[in-house]
Amino acid sequence: MHERTVRAKISTGIVEGFTQDGVHRWRSIPYAKSPVGPLRLRAPEPAEPWPGVRYCHGFGYCAPQQRRYTLVGVGKHQPMSEDCLTLNVVAPEKAGDDGPLPVMFFVHGGGYILGSSATPVYDGAALARRGCVFVSVNYRLGMLGCVELSSLSTPEHPIDDNLFLRDLVLALRWVRDNIAVFGGDPENVTIFGESAGAHAVATLLAVPEAEGLFAQVISESPASGMVSSADAAARLAGQLAEMLTPGGGSAAAALKSARPAELGRALEALIDRGQTDMPGAFPVGPTFGTEYLPVDPVTAMAEGSAHRVPLIVGNNADEGRLFTRFLQLLPTNEPMIEKLFSATDPEDRRRIVAAYPDYPSSAACVRLGGDFAFASATWQIAEAHSRHAPTFVYRYDYAPRTLHWAGLGATHAMELLAVFDTYHTTYGALLTAVGDRRSARKVSRDVQRRWREFTRTGTPGPGWPAYDVDDRAVYVFDRSPRVEFDPRAERRKAWEGFTLAQR
């Protein structure tokens, strides 16, 4: 289809994008200076102005990661660079008559070690056409952004804490300062994300510097076991220091000078060691008890010190199944589960295993692993946040028959197909080729309608009651949507109070 160019003047200069399929798109607009040289492992600094026009037609770099994770098309990989702090904007071609549009700010997942805003499913055009300005963002990953290394800081080589959270906050400040140019309402920003992205947006509820930068939060399958204390992070940083400087010397200097691939290999070794020592514990993610994140996020929610904005949080019916095929990092088999419990109170093991009566069957192991990794985080966050702010909980049960036949069902990330309207694409048509097209599109409309209503009003529309500790209403997305009260209650209760010994 014929493309036209479109320009916008933002605080740092003129950006040129293109118009296609009823939306304007700008790709890889820098929101920060390149975090290289003296800025490596430092808090991000706002982008500097540029002369003339900056062409934002194509995606630039993604954050350094393993190359196999950078696939963005058949045989096509996105290039990697530390110069990755960019964001993308998609806006309707025809502005509405009701004033500025709600903003939907998306944070991609990937376990804090992989992913990119250029991933095709995150296109955002369908959401924009339904009436929002869509923004997706890159942030620093792995050792360069999501591993807490500030304990290794020295006066000569300073290192800041929680770098990826600082990236996201700076990107949100960019939205506050610039999004009106694209037709968006800077006073009505909904941050949303999936998996590690869901974990990140939930964590931003407890970041003091993020106050006032968003009005609503949608957290799709937040992960558990990814928040560490400053003490635990310092122990891991010490292990990394030994890997990087086996003969002694300054670990901070080594971190500042090492190639990204070297840092990636060191992180892989640390992850492998963690999976041996304590399955489920991950050396990446936010760290509390630091300058930027003073309090554990769930604790902050429970105490009322987190930002009291409306929240949607939920997970999928069969979360664990994906991880029996790909990224086999979760405890989804008996040996890994028993290793997980070996580091905890024996009473925890007894109570949790009892909630899965057919344990250690493979199906029970997958359910237990999925609940450990995702459902438990949903339950914890819902319990804590609902004490002080409107909270809405969902479970996504829908999957076309092709995914059931493949042994995946409504596994991790499947709700993204509905959120981003994938079932209207060629890929979606293949997934629904055996008679599920109508049901898939019906579920997609329900998800998108409720996400849109939530971005406008702070509630997801009629028929979805708020969550509280008295009735624990959960909206179930499926062929026949419904509300269930405290579903899977025995499993929820079994995980209450469970923590890994990494704090």
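Q: What does "buried" mean when residues of a helix are described?

A: A residue is called buried when its relative accessible area is under 20%. In this predicted model, 19 of the 24 residues of H10 are buried, so the helix is largely enclosed by the rest of the structure.

Q: How many residues does helix H10 have, and where is its kink centred?

A: Helix H10 covers residues 362–385, which makes 24 residues, and its first and last C-alpha atoms are 33 Å apart, close to the expected 34 Å.

Q: Which residues touch the most other members of the largest nonpolar core?

A: In soluble globular proteins, nonpolar side chains tend to be buried together. Here the largest nonpolar core holds 115 residues, and the members that touch the most others are Ile-29, Phe-105, Trp-174, Phe-182, Leu-204 and Phe-214. The largest share of this core, eleven residues, is supplied by H10.

Q: What is Phe-214 in contact with, beyond its neighbours within four places in sequence?

A: With those neighbours left aside, Phe-214 is in contact with Leu-172, Val-189, Ile-191, Leu-204, Leu-205, His-307 and Val-309.

Q: Why does Gly-238 count as partly exposed?

A: Gly-238 lies in helix H4, residues 230–244, and counts as partly exposed because its relative accessibility is 27%. From Gly-238 to Val-284 there are 46 residues in sequence and 14 Å in space, taken from C-alpha to C-alpha.

Technical notes
Residues numbered from 1 in each chain as written. Predicted model: local features only at pLDDT ≥ 70, side-chain atom pairs only at ≥ 80, totals over all residues. Heavy atoms only, no water. Helix = DSSP H or I, 4+ residues; strand = E, 2+ residues; numbered from the N terminus. Expected span 1.5 Å × (residues − 1). Buried < 20%, exposed > 50% of the residue type's maximum accessible area, 1.4 Å probe, protein only. Core = buried A, V, L, I, M, F, W, Y, C linked by side-chain atoms within 4.5 Å. Contact = heavy atoms within 4.5 Å.
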